[in-house]
Amino acid sequence: MAEITGIYTASHTPVMLNFPDRIPATLKDEIFGAYKAMGDDFMAGKPDALVVLSNDHLHNFFLDNFPAYCIGCAESYESPIEHWLHAKRRTFAGDQAFGSYLLQSALEADFDPSFSMEMVLDHGSLTPLELAGVDPDLPIVPVLINCVQPPMPTMRRSYNLGRFLGHAIAEYDAVDRVAILATGGISHDIATPRMGMVNEEFDETFLGHMESGDIDATIQYATDFVHTAGNGCEEIRMWMAAMGAAKGAAFERTYYKAVNDWYTGIGIGRFKVS
Amino acid sequence: MANWQEMMPSTRAYLMNKVLYELHHKPDHLEAYNQDADAYLTRFDLPQDLATSIKSNDVAGMYLSGVNPYLLRAHCIGVKIPEDESLAALRSLLDHEDYNDG
Ligand SMILES: [Fe+2]
């Protein structure tokens with residue numbers, strides 16, 4: 001029986017690595033400090049493995065075959081896949097047995113994820129882990145959700161997938177302590193006319209719903225208003241999944257700022273699972 | 001405006017997606033493109049106006065093709081179109097009256 005040591009949510013953007021100096025140094029330091037604080041909290045839980053809820057940005061997957069959900073079952077994952085990303089190459093250890101267990105359990109629970117035994121992780125997984133300073137040798141299982149190419153799975157389905165993951169992780173015997181990191185969102189537009197116009201009102205309302213603990217209201221708001229907050233905001237499917245895995249535990253935001261010059265509403269939070 | 005131009009990609013958008021995807025993921029493709037963009041683009045069955053928009057770094061034109069925005073974004077960074085130029089081209093398409101109401 002594995003214990004979930006922490007469930008975290010955090011935005012990601014390649015801009016924070018590629019063009020960090022488009023914002024004032026003090027703000028950049030403040031944001032990087034917030035990621036580091038999340039990482040310290042994360043590592044204090046002494047996890048043995050990490051489930052990363054993230055999304056592929058059309059690097060591993062293309063429109064010839066695009067999975068709604070994909071569970072990584074590789075022994076290791078290189079990163080980054082973007083030739084243009086300003087990040088040093090690294091190899092994450094994978095937990096193949098754990099990934100395989102989650103895959104088979106998902107199928108038995110009537111979810112139909114695809115699986116991958118060879119993926120090169122992109123900035124969506126790499127950036128928050130890098131900034132948080134998470135132990136690079138911590139074995140990971142990536143769970144990827146399509147948030148980048150319509151048609152996409154619903155917010156509620158993503159919440160339900162997270163609920164499944166929370167239960168399946170708890171029933172897994174081969175690892176004692178597991179942390180979950182959900183990355184993406186909040187409001188942002190990628191390569192649209194709205195790029196750089198963060199919808200702060202959406203983000204505040206969304207975070208308010210998350211903190212209220214009203215799960216149905218949160219899912220409904222995400223479903224009904226995501227179109228006002230940018231294509232990048234579709235990534236709050238990972239926040240839905242984290243909320244599902246948290247089994248009703250309270251959510252608190254630990255950082256939020258609408259950063260127009262990074263094109264992103266930078267939000268960080270955690271569920272009080274322990 | 002909505003988050004997406006096409007809720008299911010058209011074939012036209014698919015072709016653009018394919019070029020911008022292969023350009024940045026297949027070995028040696030970026031180098032071939034940088035050496036001779038015209039020759040590279042003839043490998044694809046792309047309508048001429050779309051080939052021209054790629055070759056001339058016409059960010060607004062590429063956007064309007066319906067191309068996936070993540071592929072467009074990666075392309076802009078990958079071929080080093082100046083960041084402020086990309087932003088300005090995209091912003092020029094904004095209808096301020098409806099930017100946040102879907
Ligand atoms: Fe993303």
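Guide: In this predicted model, where local features need pLDDT of at least 70, side-chain atom pairs count only at pLDDT 80 or more, and totals for chains, interfaces and linings use all residues, helix H5 (residues 155–170) of chain A packs with helix H7 (residues 215–225) of chain A at an angle of about 135°, their axes being 9 Å apart. Residues are numbered from 1 along each chain as its sequence is written, chains are lettered from A and ligands numbered from 1 in the order in which they are written, and side-chain values use heavy atoms, with hydrogens and water left out.

That angle makes H5(A) oblique to H7(A) (under 35 degrees counts as roughly parallel, over 145 as roughly antiparallel, 65 to 115 as roughly perpendicular and the rest as oblique). On the H5(A) side, Met155(A), Arg156(A) and Tyr159(A) meet Ile215(A), Asp216(A), Ile219(A), Ala222(A) and Thr223(A) of H7(A), where contact means heavy atoms within 4.5 Å. The residues of this contact divide into 5 nonpolar, 1 polar and 2 charged.

Helix H5 of chain A also holds Phe164(A), which counts as buried because its relative accessibility is 10% (buried means under 20% relative accessible area, exposed over 50%, partly exposed in between, with a 1.4 Å probe and protein chains only). Leaving aside residues up to four places away in sequence, Phe164(A) touches Leu102(A), Ser105(A), Ala106(A), Ala109(A) and Phe111(A). The C-alpha atoms of Phe164(A) and Asp203(A), 39 residues apart along the chain, are separated by 26 Å.

How values were computed: Axes fitted to C-alpha atoms, helices over the stretch in contact; angles between N-to-C directions. Helix = DSSP H or I, 4+ residues; strand = E, 2+ residues; numbered from the N terminus. Nonpolar A, V, L, I, M, F, W, Y, C, P; charged D, E, K, R; others polar.
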